[in-house]
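User: I am new to this structure and would like to learn how its features are read. Could you guide me through it, one feature at a time?

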Amino acid sequence: MTEEDERFAAIYHRNYSCVVRYASRRIDPDVAGDVAARTFADAYRRLAQAPGDESAERVWLLGIARGHVSNERRGRRRRRALDERVMAWRAPAGVPPVDGEVITRLAFHQALGRLPGNDREALRLFYWEGLSVEEAAGVAGCRAGTMATRLSRARTRLREQLRASGFGEGG
Amino acid sequence: MDDVGALMAAHDPAPAELRPDELLLAEILATARPRRPVPRWRMGVGAVLATGLVIVAANAVPSQESDGALTVAATLDYAGSAVALCGEPGPRPSRLPGPGGSARPGLLALAGRAVATPLPATGSNLITVVQSRLLTDDGGSRMRTSLVRLRTPVSGQGVRQRTEFPMNGQGGLLVQGQGRAEATPYQSGLVAGRLPTRAGALRTRLLGAGQARGRPETARLVGAVVELNENEVVGGRVAGAIWRLLAGRADLRALGRVTDRRGRAGQGFAFDAGESERWVLVADAATGALLSVERVVLADTGGLEVTPPCVRDFWVFVAREWRP
């Protein structure tokens with residue numbers, strides 16, 4: 001294994017789960033693995049551009065994944081039946097859903113889905129990807145100040161949406 | 001963790017860590033190779049050349065057609081700033097020039113130049129228009145551009161024959177592909193020959209043409225004018241009345257002399273529908289005919305998933321004629 005291969009393998013092992021989960025939260029989980037494969041193949045070709053810092057490396061990879069998620073969305077129009085609303089109904093594997101849980105999940109994902117795209121993405125990057133405001137800004141391609149504003153606005157809007165659909169805060 | 005954080009964590013669709021797929025790693029290492037970095041000076045030269053090509057292509061549009069195929073520019077040459085189509089690569093200036101001064105003098109001048117022509121009572125309208133629209137669905141946003149050749153009855157009732165040719169991007173141009181024809185029943189709500197030519201009555205008719213009521217009035221009027229031009233050959237008297245009506249809209253501003261996607265010089269007018277959208281109209285200064293309409297996204301207020309500024313819809317009216 002060359003030095004380049006070893007460096008890439010280390011990046012791959014550190015970030016594989018993060019990239020697959022990033023894709024799973026935005027598109028059909030069945031194709032999240034394909035998106036991750038394209039992301040890492042792309043990253044390998046662009047290895048010379050990979051940042052040395054591990055945190056920056058994750059932001060770099062998620063930036064590549066963002067483009068592949070967009071491509072996947074464009075390419076899967078024939079499978080509209082598998083939209084986000086259906087995804088919201090899916091329970092985690094092996095856990096049979098109960099009525100109340102399904103209704104709660106549906107209400108939450110509907111509220112999230114009603115937010116403007118930038119606000120929704122800010123919440124996902126900050127809470128699900130666990131990125132700092134600066135890192136989330138790097139993935140979304142905006143300034144840290146802009147991301148902080150979006151995040152604050154998104155929290156407020158999500159609370160409003162949840163209240164409007166009779167969803168108790170924290171529940 | 002705050003309440004939103006707790007909710008997000010509780011509803012994370014992918015909460016569990018995953019083990020790396022070792023087969024995938026082996027496949028990537030076996031089939032792909034890292035590229036060598038390109039020296040900065042070469043990237044700079046490449047960018048300059050690419051920008052030059054886009055500008056040349058966008059400005060050399062109209063007559064360069066091979067095999068009878070029709071082409072239009074892929075970028076809008078907007079008052080000196082090239083703007084790409086939404087969802088497509090291309091220039092996106094950080095700020096577009098703002099709309100200029102009042103459009104009223106220019107629109108009244110257009111109304112004066114619209115030549116009155118006798119309207120036929122029978123026969124067909126033949127319209128050729130290039131349309132591009134931003135389609136959004138759960139899969140994201142994409143542009144669909146087509147050249148449409150339309151034949152509609154002058155009477156406003158009968159059969160509408162429509163042939164659509166998809167257009168695909170090729171080096172800064174959108175090039176016509178193979179066509180597909182269809183015929184459908186036609187019942188027009190706006191028959192050009194029966195429209196009033198007094199501005200007040202015309203306004204009532206255009207606003208009643210089914211454009212969504214929640215939008216600004218100028219947007220509804222322009223939407224109705226586009227719909228009218230898509231389906232009917234608009235005679236000089238009606239065209240003049242339309243420009244007189246729009247001259248009364250204070251939010252329409254003059255852009256001055258502009259070039260449309262077919263390379264035709266015309267008078268430009270623009271208005272902002274809120275902070276997120278700008279409409280641009282291009283009219284032939286000599287005849288008062290509407291040449292093109294562009295709808296530019298200034299800010300993504302949610303749902304579009306596009307990078308502004310970019311053009312989300314456009315109409316380029318290529319030809320209009322009456323046939324017996």
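Analyst: Let us begin with contacts along the sequence. In chain B, 59% of the contacts between residues at least 6 apart in sequence join residues at least 24 apart. Please keep in mind that this is a predicted model.

User: What is the corresponding share in chain A for residues 24 or more positions apart?

Analyst: In chain A, 61% of the contacts with a separation of 6 or more are between residues 24 or more positions apart.

User: How many helices and strands does chain B have, and how many are there in chain A?

Analyst: Chain B comes to 7 helices and 13 strands. Chain A has 8 helices and 0 strands, so its elements, read from the N terminus on, run α-α-α-α-α-α-α-α.

User: What percentage of the residues count as buried in chain B and in chain A?

Analyst: Burial is judged by counting C-beta atoms around a residue: 20 or more others within 10 Å make it buried. Of the 324 residues of chain B, 37% count as buried. In chain A, buried residues make up 36% of 171.

User: Which residues of helix α7 of chain A are buried?

Analyst: Helix α7 of chain A, residues 133–140, is mostly covered, with 6 of its 8 residues buried. These are A:Glu135, A:Ala136, A:Ala137, A:Gly138, A:Val139 and A:Ala140. Just after α7(A), A:Gly141 takes a positive phi of about 75 degrees. Most residues other than glycine have a negative phi.

User: How does one read the packing of two helices? At what angle do α5 and α7 of chain B cross?

Analyst: One looks at the angle between the axes and at the distance between them. Helix α5 (residues 199–207) and helix α7 (residues 236–247) of chain B have axes that come within 9 Å and cross at roughly 90 degrees. An angle of 65 to 115 degrees counts as roughly perpendicular, and α5(B) and α7(B) therefore are roughly perpendicular to each other. B:Ala199, B:Leu202 and B:Arg203 in α5(B) meet B:Ala241, B:Ile242, B:Arg244 and B:Leu245 in α7(B). By class, this contact has 5 nonpolar, no polar and 2 charged residues.

User: At what angle do helices α6 and α8 of chain A pack?

Analyst: Helix α6 (residues 117–128) and helix α8 (residues 144–164) of chain A pack at about 100 degrees, with their axes 8 Å apart. α6(A) and α8(A) are therefore roughly perpendicular to each other. The contact includes A:Leu123 and A:Phe126 of α6(A), together with A:Leu151 and A:Leu158 of α8(A). By class, the contact has 7 nonpolar, 1 polar and 5 charged residues.

User: How many bridges join β4 to β13 in chain B?

Analyst: Strand β4 (residues 124–137) of chain B is joined to β13(B) by 10 bridges, and the two run antiparallel. β12(B) and β13(B) also pair in the antiparallel sense, over 6 bridges. B:Val316 in β13(B) is the bridge partner of B:Val130 and also of B:Ser292.

User: What kind of peptide bond joins B:Pro308 and B:Pro309?

Analyst: Most peptide bonds are trans. The bond joining B:Pro308 and B:Pro309 is cis, with omega about -5 degrees. B:Pro309 lies in the loop between β12 (290–297) and β13 (310–323) of chain B.

User: How many residues does each chain bring to the contact between chains A and B?

Analyst: The contact takes 34 residues from chain B and 42 residues from chain A. On the side of chain B that touches chain A, α1 (3–10), α2 (22–31) and β5 (140–153) each supply at least two residues. α1(B) gives the most, with 7 residues. By class, that side of chain B has 16 nonpolar, 7 polar and 11 charged residues.

Key
Residues are numbered from 1 along each chain as its sequence is written. Chains are lettered from A and ligands numbered from 1 in the order in which they are written. This is a predicted model: local features need pLDDT of at least 70, side-chain atom pairs count only at pLDDT 80 or more; totals for chains, interfaces and linings use all residues. Two residues are in contact if their C-beta atoms, placed from the backbone, lie within 7 Å. Helices (H or I, at least four residues) and strands (E, at least two) are DSSP runs, numbered from the N terminus. Ala, Val, Leu, Ile, Met, Phe, Trp, Tyr, Cys and Pro count as nonpolar, Asp, Glu, Lys and Arg as charged, and the others, Gly among them, as polar. A residue is buried if 20 or more other C-beta atoms lie within 10 Å of its own, exposed if 12 or fewer, and partly exposed in between; C-beta atoms are placed from the backbone. Axes are lines fitted to C-alpha atoms, for helices over the stretch in contact, and angles run from 0 to 180 degrees between N-to-C directions. Angles under 35 degrees count as roughly parallel, over 145 as roughly antiparallel, 65 to 115 as roughly perpendicular and the rest as oblique. Two strands pair if DSSP finds at least two bridges between them.
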